[in-house]
Amino acid sequence: MTTSHFPSSGLHIVDICIKEFMMSYRLLFPNSRISLKLHILEDHAMQQIRRFRAGLGRLNEQGGERAHKEQNREEAIHSNIQNPLQRLLAMMRAHHTTCCPEVQAKFQRGKKRKTEE
């Protein structure tokens, strides 16, 4: 699963949309309680989006199930690395490059061979 990053201009638009939505919700349903999901949307979503420059898809139930499946897959792939810290680092690098394809270029896949001239 990949997660695309928000451009800076998009952050402002999302923030305005959330504020307008919550204002409309309160006007249309003045006697309704704010659910936990709406509270998270209003008070915490933008902080999360700004921090990670990514959407909230990995934070829902399906995202959690998918993350667990990916973690098990990465553990199987990297099970041959004996050093626990090196294994964890390899798993985290793979996870990070999967979630953020734009950083893949920063990690070299294997050693480059010397070419004969």
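Student: Is Lys-19 buried or exposed?
Tutor: Lys-19 is exposed, with a relative accessible area of 53%, where exposed means over 50%, buried under 20% and partly exposed in between, using a 1.4 Å probe and protein chains only. This is a predicted model, in which local features need pLDDT of at least 70 and side-chain atom pairs count only at pLDDT 80 or more, while totals for chains, interfaces and linings use all residues. Residues are numbered from 1 along each chain as its sequence is written, and side-chain values use heavy atoms, with hydrogens and water left out.

Student: Where is Lys-19 placed?
Tutor: Lys-19 is in helix 1, helices being DSSP runs of H or I with at least four residues, strands being E runs of at least two, and both being numbered from the N terminus. The C-alpha atom of Lys-19 is separated by 9.5 Å from that of Leu-41, which is 22 residues apart from it along the chain.

Student: OK, how do helix 1 and helix 2 cross?
Tutor: The axes of helix 1 (residues 8-28) and helix 2 (residues 36-43) come within 9 Å and cross at roughly 140°. Axes here are lines fitted to C-alpha atoms, for helices over the stretch in contact, and the angles run from 0 to 180 degrees between N-to-C directions. Helix 1 and helix 2 are therefore oblique to each other, given that angles under 35 degrees count as roughly parallel, over 145 as roughly antiparallel, 65 to 115 as roughly perpendicular and the rest as oblique.

Student: And which residues meet there?
Tutor: From helix 1, Ile-18, Phe-21, Met-22, Tyr-25 and Arg-26 meet Leu-38, Leu-41 and Glu-42 of helix 2, with contact meaning heavy atoms within 4.5 Å. By class, this contact of helix 1 with helix 2 has six nonpolar, no polar and two charged residues; Ala, Val, Leu, Ile, Met, Phe, Trp, Tyr, Cys and Pro count as nonpolar, Asp, Glu, Lys and Arg as charged, and the others, Gly among them, as polar.

Student: What does Glu-42 touch?
Tutor: Not counting residues up to four places away in sequence, Glu-42 touches Ile-18, Met-22 and Arg-26. Glu-42 is in helix 2 and is partly exposed, with a relative accessible area of 30%. The C-alpha atoms of Glu-42 and Ile-18 are separated by 6.5 Å, although these residues are 24 apart along the chain.

Student: What about helix 1 and helix 3, at what angle do they cross?
Tutor: The axes of helix 1 and helix 3 (residues 45-52) come within 10 Å and cross at roughly 170°. That makes helix 1 roughly antiparallel to helix 3. In this pair, Leu-11, Val-14, Asp-15 and Ile-18 of helix 1 meet Ala-45, Met-46, Ile-49 and Arg-50 of helix 3, and by class the contact has six nonpolar, no polar and two charged residues.

Student: Switching topic, is Glu-74 buried or exposed?
Tutor: Glu-74 is buried, with a relative accessible area of 8%. Glu-74 lies in helix 4 (residues 61-77) and touches Met-91 and Ala-94, not counting residues up to four places away in sequence.
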